[in-house]
Amino acid sequence: MSKLVTIFGGSGFVGRYIAQRMAREGWRVRVAVRRPNEALFVKTYGAVGQVEPVFCNIRDDALVAAALAGADAVVNCVGTFDRGGRNSFDAVQVAGAGRIARAAAAAGAAHLVQISAIGADPAGASLYAQTKGAGEAAVLAAFPGAVILRPSVIFGTEDGFFNRFAGMARLGPILPLVGGKTLFQPVYVDDVAAAAVAGALGRAPAGVYELGGPETGSLEDLVHRMLGLIRRRRLVVNLPFALGNVLGTALDFASALTGGLIPNKVLTRDQVTSLRSDNVVSVGARGLSDLGIEPTPMAAILPDYLWRYRPSGQFAAIKESAKNLKKA
Ligand SMILES: NC(=O)c1ccc[n+]([C@@H]2O[C@H](COP(=O)([O-])OP(=O)(O)OC[C@H]3O[C@@H](n4cnc5c(N)ncnc54)[C@H](OP(=O)(O)O)[C@@H]3O)[C@@H](O)[C@H]2O)c1
C-alpha cells in the first residue's frame with residue numbers, strides 16, 4: 001500500500017500545489033477541508049482514488065483525528081486573516097495548528113509540516129504575526145520534529161497579491177497603496193510546495209525555514225512591475241499608515257456591523273500593522289537553498305497569468321506585433 005499524506009487546506013492556493021507534488025511522488029493524498037464538495041478538482045491530480053477530499057474543520061478534535069487516521073505525513077496549510085468570529089486567528093492559527101500537531105503525534109505520523117509566515121513571533125506587532133508565532137510554538141510543543149516553513153508573499157496563478165492589485169488597476173486611474181515602501185521577497189508557490197514535500201518525505205531536517213524568491217522589492221516596485229506587465233499606466237499613491245489605519249478600522253467596523261456577512265477582504269487594521277514591517281528572509285535563516293531548491297524568478301511566471309488584466313487580454317501581444325509591422 002502506498003503511503004498516505006493528509007493535507008489540511010489542501011484545496012487552497014498553496015495546498016493544491018503540495019497535493020499535486022505528493023501525488024506525483026506516488027503517495028495517496030487526503031485533502032482535509034471544510035467544503036470537500038468545492039475541492040473535487042483535486043481528484044484530477046492523481047489516478048482514480050489517489051487524491052481524495054474529506055470533510056474536516058480543524059477546530060474539531062474528532063474531525064482532525066479522523067482525517068489523520070493512518071497518515072504517514074501531515075501538512076497544515078490552513079491560515080486566516082480574520083480577527084474575530086469562529087474562524088479567528090486564535091481558533092485557526094494557534095488552537096487549530098496545535099490540535100493538528102497533537103493528533104499527528106498521537107496517530108504516529110512520521111513527519112509534520114506547518115506553513116507559517118515570515119515575521120511569525122508571539123511578541124510581534126500584528127495579531128497575524130503573534131498567532132503565527134504562537135501556532136509554531138504549539139506545533140513544536142506537541143511535535144518537536146516538525147518542519148516549519150515561513151514564506152514571504154507567495155505568487156502564482158491563483159495568488160491573492162498580484163491578482164488583487166492587477167484587478168484594482170482595472171477599476172480606475174489611481175491605485176492607492178498602504179505600506180508602499182515595505183519590502184517583500186515574493187516566492188513562487190510551487191517552490192513553497194517543493195519545500196513542503198521535502199518536509200513531508202523526511203528529506204528536510206526539522207526546524208524553521210524562511211522562504212523567499214530571488215528578488216526583493218518594495219510594494220511600490222512590485223506594483224509598478226505588475227502595471228508594466230498588464231500594459232496599464234496608473235498613478236500609484238502611497239497612503240500614510242495613519243490613513244490606512246482609519247480605512248482598515250472603518251472596513252473592520254462595517255464587517256462587524258453586518259455580523260461578518262460582508263467580510264472585510266480589502267484591508268484590515270491588522271494588515272496595516274503587518275505592512276509596517278519588511279517581509280523578507282532574515283540574515284542567516286535556513287531557506288530554499290538548504291533544501292536544494294532554486295527559487296523561481298518572477299519574470300518566469302508573472303506574464304503567464306497577468307496577461308488577462310491587459311486592456312486587450314490575450315490579444316495584446318498580437319496588437320503590439322501588428323503595431324511594429326506598421327512602423328516597419
Ligand atoms: N498566500 C500567501 O501569500 C501566504 C504568504 C505567507 C504565508 N501564507 C500561509 O500559507 C498557508 C496557505 O495559504 P493559502 O494562501 O494557500 O490559503 P487559502 O488559499 O486561503 O487556503 C486555505 C485552505 O484552508 C482550508 N480551510 C480554511 N479554514 C479551514 C478550517 N477551519 N478547517 C479546515 N480547512 C480549512 C480552505 O478550504 P475550505 O474553505 O473548504 O475549508 C483552503 O483549502 C496559510 O497558513 C497562510 O497563512 C500564505
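How many residues does helix α6 have, and how far does helix α6 reach from its first C-alpha to its last? In this predicted model, helix α6 covers residues 189–200, which makes 12 residues, and its reach of 16 Å from the first C-alpha to the last is close to the 16 Å expected at 1.5 Å a residue.

Helix α6 is largely enclosed by the rest of the structure, because 12 of its 12 residues are buried. Just after α6 comes G202, whose phi is positive, at about 80°.

Helix α3, which runs over residues 89–106, has 18 residues and reaches 25 Å between its first and last C-alpha, close to the 26 Å expected at 1.5 Å a residue. At G96, α3 bends by about 35°. Helix α3 is mostly covered, with 13 of its 18 residues buried. Just after α3, G108 has a positive phi of about 80°.

**The surroundings of the ligand**

The ligand is surrounded by 25 residues, and the closest of them are S11, V14, R34, R35 and K132. Sorted by class, this shell holds 14 nonpolar, 8 polar and 3 charged residues.

| Residue | Protein atom | Distance to an oxygen atom of the ligand |
|---|---|---|
| S11 | N or O atom in the side chain | 2.8 Å |
| F13 | backbone N or O atom | 2.9 Å |
| V14 | polar backbone atom | 2.9 Å |

On its own the ligand has 910 Å² of accessible area, and the protein covers 81% of that area. The elements that give two or more residues to the shell around the ligand are β2, at residues 28–33, and α4, at residues 127–142.

**Residues in loops**

The loop between β5 (111–115) and α4 is the place of G124. Is G124 buried or exposed? With a relative accessibility of 14%, G124 counts as buried, because the cut-off for a buried residue is under 20% relative accessible area. Between G124 and S2 there are 41 Å in space, taken from C-alpha to C-alpha, and the two residues are 122 residues apart in sequence.

Another loop, between β6 (147–151) and β7 (154–155), holds S152. With a relative accessibility of 5%, S152 also counts as buried. A polar atom in the side chain of S152 lies 2.7 Å from the backbone oxygen of N279.

The loop between α7 (219–229) and β13 (235–239) contains R231. Here the relative accessible area is 40%, so R231 is partly exposed; partly exposed residues are those between the buried limit of under 20% and the exposed limit of over 50%. The backbone of R231 has a phi near 55°, a positive value in a residue other than glycine.

Terms used:
Residues numbered from 1 in each chain as written. Predicted model: local features only at pLDDT ≥ 70, side-chain atom pairs only at ≥ 80, totals over all residues. Heavy atoms only, no water. Near = heavy atom within 4 Å. Polar contact = N/O pair within 3.5 Å; in protein donor to acceptor, adjacent residues only side chain to side chain. Areas by Shrake-Rupley, 256 points an atom, 1.4 Å probe, with all protein chains shown as cover. Helix = DSSP H or I, 4+ residues; strand = E, 2+ residues; numbered from the N terminus. Nonpolar A, V, L, I, M, F, W, Y, C, P; charged D, E, K, R; others polar. Expected span 1.5 Å × (residues − 1). Bend = angle between axes of the 7 residues up to and from the residue. Buried < 20%, exposed > 50% of the residue type's maximum accessible area, 1.4 Å probe, protein only.
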